[in-house]
Amino acid sequence: MSKRLSLTRLRRMKADGEPIVALTAYDYSFARAVDAAGIDLVLVGDSLGMVVQGHAGTMPVTVAEMAYHTRCVARGLSRAYLMVDLPFLSDYDERSALESAAVLIKEGGADMVKVEATAEQAPIVAALSRAGVPVCAHFGLRPQRVGQLGGYRVQGRGDEGAAQLCEDARALQAAGADMLLVECVSAKAARAVQAQCQTPLIGIGAGSDCDGQILVLQDMLGITPGQPPSFSHDFMADAGTIPGALSAYAEAVRARRFPGPEHGFD
């Protein structure tokens, strides 16, 4: 059995310039397959609200549902580091974030929680960090806030937008974030953020300069209903099998062939 990856190992990968390969998973069978493909970081995302439950967005997902899916995934992993989302309104203040994190770590078996946050939410990140909770701060496009953001729109365009992302990154790291995840931002903005990151930076739709890449499992297997995100790629169409697609994705990220220019934003 392979040794489980630790946060220390992920930090070392960043320091060594070794790309971190990440994917979502929501059940035991796919967790086993993802783990066997050598994926480094697995996220039980609240995206399960759409790809598993059939909702239009992530907002209906509950902490109890996240804990259930996290338990299922945890049973399937022997190597990958396990991260889980704090769902909508489960982290609106420090107390709620701590209570939700306790459920997902103690009952769900997660190694780390992920919070959608900007500099404004830095006190919540700080409270989690003080309590000993490993935390990833997710900024840029925040799916739980698409109603406020005006939809799924690219963030960080222009000098002002990039500067705001950099400010968020600084504040979240200072608050104790152990990892950052930036979504759907211009490649230029992502490079600016990466230049000042001491923690591992995972990208999705954020160009090729991040320390690691993540996709939604169903997107990269080509089975998400409707139009897939432009920053994704159908690895199943290339490989023909699920194990082949997972291995091809891991290899492409490690070789820095994915994402390519066609998967990013100016």
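Predicted model: local features only at pLDDT ≥ 70, side-chain atom pairs only at ≥ 80, totals over all residues.
**Cys72**

Cys72 sits in helix α4. I then looked for its contacts, leaving aside neighbours within four places in sequence, and found Asp27 and Tyr28. I also checked one pair across the chain: Cys72 and Gly108 are 36 residues apart in sequence, and their C-alpha atoms are separated by 8.4 Å.

**Helix α4**

From there I went on to the helix itself. α4 covers residues 63-76, which makes 14 residues. I compared its span with the expected one: from first C-alpha to last it reaches 20 Å, close to the 20 Å expected at 1.5 Å a residue.

Which residues of α4 are buried? My list reads Val63, Met66, Ala67, His69, Thr70, Cys72, Val73 and Gly76. I noted the general rule beside it: an α-helix has 3.6 residues a turn, so residues three or four places apart point the same way. Next I looked up what the buried residues of α4 pack against, and wrote down α2 (28-36), β2 (41-44), α3, β3 (81-85) and α5 (94-107).

**Ser47**

I moved to Ser47, which is in the loop between β2 and α3. Ser47 has a relative accessible area of 11%, and the cut-off for buried is under 20%, so Ser47 counts as buried. Beyond its neighbours within four places in sequence, Ser47 is in contact with Thr24, Tyr26, Thr58 and Val216.

**Largest pocket**

Val216 turned up again when I opened the largest pocket, where Met50, Glu183, Val216, Asp219 and Pro229 lie nearest the centre. I noted a volume of about 710 Å³ for this pocket and a lining of 32 residues. Which elements give two or more residues to that lining? They are α3 (48-51), β4 (112-116), β6 (179-183) and β8 (212-215). I sorted the lining by class and got 18 nonpolar, 8 polar and 6 charged residues.

**Nonpolar core**

I looked up the largest nonpolar core next, and it has 89 residues. Which residues have the most contacts inside it? Leu128 and Tyr249 do. Helix α12 (residues 242-254) gives the most to this core, with 6 residues.

Setting aside neighbours within four places in sequence, I found Leu128 in contact with Leu86, Ala97, Leu98, Ala101, Val113, Val115, Val133 and Val135.

**Cavities**

How many cavities of 30 Å³ or more does the structure hold? I have 2 in the notebook.

The largest cavity has a volume of about 60 Å³. Its lining is made of Pro19, Ser208, Cys210, Asp211, Gly212, Gln213, Val253, Arg256, Phe258 and Pro259. By class I get 5 nonpolar, 3 polar and 2 charged residues there.

The second largest cavity holds about 40 Å³ of space. I listed its lining as Ile204, Gly205, Ala206, Gly207, Gln213, Ile214, Leu215, Phe231, Phe258, Pro259 and His263. β8 supplies the largest share of that lining, 3 residues. This lining has 7 nonpolar and 4 polar residues, and no charged ones.

**Backbone notes**

Pro259 lies in the segment after α12.

Arg256 is also in the segment after α12. I marked its phi, near 60 degrees, as a positive value in a residue other than glycine. Arg256 is partly exposed, at a relative accessible area of 44%.

Last entry: Leu89, in the loop between β3 and α5. Its phi is near 65 degrees, again a positive value in a residue other than glycine. Is Leu89 buried or exposed? With a relative accessible area of 54%, and exposed meaning over 50%, I have Leu89 down as exposed.

Terms used: Residues numbered from 1 in each chain as written. Heavy atoms only, no water. 1 Å grid on protein atoms, 1.4 Å probe; cavity = no way out; pocket = protein on both sides within 12 Å on 5 of 7 lines; lining within 4 Å. Points joined across faces, edges and corners; volume = space filled by probe spheres on them. Helix = DSSP H or I, 4+ residues; strand = E, 2+ residues; numbered from the N terminus. Nonpolar A, V, L, I, M, F, W, Y, C, P; charged D, E, K, R; others polar. Expected span 1.5 Å × (residues − 1). Buried < 20%, exposed > 50% of the residue type's maximum accessible area, 1.4 Å probe, protein only. Contact = heavy atoms within 4.5 Å. Core = buried A, V, L, I, M, F, W, Y, C linked by side-chain atoms within 4.5 Å.
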